[in-house]
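Thanks for asking me to go through this model with you. Please have a look at it first, and then read on.

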Amino acid sequence: MSAPAENPPATMTPTAVEERVRARVITDDPLYRAIPVALRFAPAEPLAVRIVFPADVTPEGTDNEWVFPRALLEAGLLAPTGTGDVRVWPCGRVQAVVEFHSPEGVAVIQFDIAVLRRFLRRTYATTTR
């Protein structure tokens, strides 16, 4: 009688991370406007994160996705960083600002730092499994 064949160890495929959050559009108006935003991370692109604005809040009427380095988002929670299309900086102890530059103009969006840190922790947990 032969020994049963051993099953090869199961490999875990890292899963994508997505968090739907509320952010605030910063304008000259003293009242801010809260908008839904999706934060996304795909293990296939471990150096990048995505911030997606839904169609109903963009001038084009389509989802608007920004892809930039995960390290930029992380560093921007501690000190101003970025020189290109995306810039990030802390705003007090509990808020962070992400500024998006395009040919159509500039959008300034404020996030709770706790939300961004939680998202980043989840991205690192996915890539270290």
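My notes follow as numbered points.

1. A word on the ground rules. This is a predicted model, with local features needing pLDDT of at least 70 and side-chain atom pairs counted only at pLDDT 80 or more, while totals for chains, interfaces and linings use all residues. Residues are numbered from 1 along each chain as its sequence is written, and side-chain values use heavy atoms, with hydrogens and water left out.

2. The overall layout. The protein has two helices and seven strands (DSSP runs numbered from the N terminus: helices are H or I with at least four residues, strands are E with at least two). Read from the N terminus, the order is β-β-β-β-α-β-β-β-α. Of the 129 residues, 34% are buried (buried is under 20% relative accessible area, exposed over 50%, partly exposed in between, with a 1.4 Å probe and protein chains only).

3. The nonpolar core. The largest one holds 28 residues, and Val37, Leu39, Ile51, Phe100 and Phe111 have the most contacts inside it. Here a core is a set of buried Ala, Val, Leu, Ile, Met, Phe, Trp, Tyr and Cys residues joined through side-chain atoms within 4.5 Å. Helix H2 (residues 113-127) supplies the largest share of this core, five residues.

4. The aromatic cluster. Phe53, Trp66 and Phe100 form one cluster, and the whole structure has two aromatic pairs. Rings of Phe, Tyr and Trp (its six-membered ring) pair if their centres lie within 6.5 Å; planes under 30 degrees apart are stacked, over 60 edge-to-face and the rest tilted. Phe53 and Phe100 are edge-to-face, at 5.4 Å centre to centre and 90 degrees between the planes. Phe53 belongs to strand E3 (residues 48-53) and Phe100 to strand E6 (residues 95-102), so this pair ties together parts that are 47 residues apart in sequence. The ring centres of Trp66 and Phe100 are 4.9 Å apart with planes at 50 degrees, so that pair is tilted. Trp66 counts as buried at 15% relative accessibility, and Phe100 is buried at 2%.

5. Which strands does the bridge between Arg24 and Asp112 tie together? There are nine salt bridges in the structure (a side-chain nitrogen of Lys or Arg within 4 Å of a carboxyl oxygen of Asp or Glu). In the one between Arg24 and Asp112, the closest N and O atoms are 2.9 Å apart. Arg24 lies in strand E1 (residues 17-25) and Asp112 in strand E7 (residues 105-112), so the bridge ties together parts 88 residues apart in sequence. Arg24 is buried at 13% relative accessibility, whereas Asp112 is partly exposed at 31%.

6. A salt-bridge network. Glu18, Arg20, Arg40, Glu45, Arg50 and Glu65 are linked in a network. Within it, Arg50 and Glu45 have their closest N and O atoms 2.4 Å apart, and for Arg40 and Glu65 the value is 3.9 Å. Arg40 is partly exposed at 25% relative accessible area, and Glu65 is partly exposed at 38%.

7. The charged end of Arg70 sits over the ring of Tyr124, 3.8 Å from its centre (NZ of Lys or CZ of Arg within 6 Å of the ring centre and within 35 degrees of the ring normal).
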